Amino acid sequence: MARKIVLILVLRCLCIGLAAADWNILNPIWNINARQDSLKNYCESWRINVELNNIREFDVVPQECVAHIKKYMTSSQYDADCQRAIEEVTLYLSRCCSLKGDGKDAWIFDVDDTLISTIPYFKKHGFGGEKVNSSSLEAWMEESKAPALDHTFKLFHDIKDRGMKIFLVSSRKETLRSPTVDNLINVGYHGWSRLFLRGFEDEYMHVEQYKSQVRKTLMDQGYRIWGIVGDQWSSLKGLPEAKRTFKLPNSIYYMS
């Protein structure tokens with residue numbers, strides 16, 4: 001009797017072991033889910049490391065991650081992440097700045113994917129999975145149809161109402177000045193002090209060098225740059241520095 005009980009227990013353990021092995025290893029449904037989870041984790045890790053500036057100089061989003069990046073950049077999570085960044089700007093503004101009222105307190109905004117969005121363009125052009133075609137993108141920019149980004153729209157007007165001078169520093173070419181101004185005005189931006197675009201002599205510089213040079217020009221004129229908001233590290237890095245910088249998420253493209 002005792003032997004029968006032991007035999008039954010052994011067989012039951014073997015069955016449980018096989019069932020467990022089947023769930024972990026042999027079940028094709030489990031394997032599919034595991035691969036999907038692994039890919040999701042890989043792509044999210046890739047995206048986060050772009051935002052941390054650990055991954056640089058990429059020409060395209062990895063093909064297996066394009067759908068993941070598209071999902072994020074068009075999601076409520078992207079909106080929430082941007083809004084959180086803007087809340088940090090607002091908190092900083094509430095305690096940072098002793099404005100002198102001499103017209104020399106300033107703030108810098110990037111333009112594309114900071115004030116207005118290029119997502120409508122990239123929805124039709126690979127969402128980062130294709131190398132950016134400058135001619136095609138500039139043709140789209142000439143249409144002046146980029147929508148405003150709500151989170152920075154409110155911040156722009158808040159900073160302007162505080163009495164700061166707003167400077168827009170874009171990597172767009174000077175030849176796009178008219179459609180860029182039209183686009184900004186059409187979606188409700190107005191009252192900035194100057195829009196800096198890249199002249200012919202600037203096109204051979206790295207974006208970071210060009211934007212650093214603009215900041216130096218402003219500081220040499222006596223402006224105190226209290227902060228910068230941009231979606232690219234090249235908008236924020238380099239000397240001279242602003243007192244604070246705030247980065248918005250963007251893992252579709254990289255500009256150095």
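The structure is a predicted model, in which local features need pLDDT of at least 70 and side-chain atom pairs count only at pLDDT 80 or more, while totals for chains, interfaces and linings use all residues. Residues are numbered from 1 along each chain as its sequence is written, and side-chain values use heavy atoms, with hydrogens and water left out.

A search of the whole structure finds two disulfides, a disulfide being taken as a pair of cysteine sulfur atoms within 2.5 Å. In general terms, such a link is a covalent bond between the sulfur atoms of two cysteines. When the bonded cysteines are counted along the chain, the disulfides of the protein chain follow the pattern 1-2, 3-4. One of them is formed by Cys43 and Cys65, whose sulfur atoms are 2.2 Å apart. This pair links distant parts of the chain, since Cys43 belongs to helix 2 (residues 28-51) and Cys65 to the loop between helix 2 and helix 3 (66-73), 22 residues apart; helices (H or I, at least four residues) and strands (E, at least two) are DSSP runs, numbered from the N terminus. The link of Cys43 and Cys65 is left-handed, with -85° about the S-S bond, and both Cys43 and Cys65 are buried. Here buried means under 20% relative accessible area, exposed means over 50%, and partly exposed lies in between (1.4 Å probe, protein chains only).

A disulfide also joins Cys96 to Cys97, with an S to S distance of 1.8 Å. The torsion about the S-S bond of Cys96 and Cys97 is about -45°, so this disulfide is left-handed, and Cys96 and Cys97 are both buried. Another cysteine, Cys82, is likewise buried, with a relative accessible area of 0%.

The largest nonpolar core has 52 residues, and those with the most contacts inside it are Leu93, Trp107, Phe109 and Leu168. A nonpolar core is defined as a set of buried Ala, Val, Leu, Ile, Met, Phe, Trp, Tyr and Cys residues joined through side-chain atoms within 4.5 Å. The largest share of this core, eight residues, is supplied by helix 4 (residues 76-96). A second, separate core of 14 residues includes Ile108, Tyr210, Leu218 and Tyr223. In soluble globular proteins, nonpolar side chains tend to be buried together.

Val111 lies in the loop between strand 1 (105-109) and helix 5 (119-123) and is buried, with a relative accessible area of 0%. Apart from neighbours within four places in sequence, Val111 is in contact (heavy atoms within 4.5 Å) with Ile116, Leu168, Val169, Ser170, Leu184 and Leu195. Although Val111 and Leu168 are 57 residues apart along the chain, their C-alpha atoms are separated by 6.6 Å.

Asn183, found in helix 8 (residues 177-186), is buried with a relative accessible area of 1%. Its contacts, leaving aside neighbours within four places in sequence, are with Ile116, Ser144, Lys145 and Ala146.

Val187 is found in the loop between helix 8 and strand 3 (194-198) and is partly exposed, with a relative accessible area of 26%. Leaving aside neighbours within four places in sequence, Val187 is in contact with Ile116, Ala146, Pro147, Ala148 and Phe153. The C-alpha atoms of Val187 and Lys145 are separated by 8.9 Å, the two residues being 42 residues apart along the chain.
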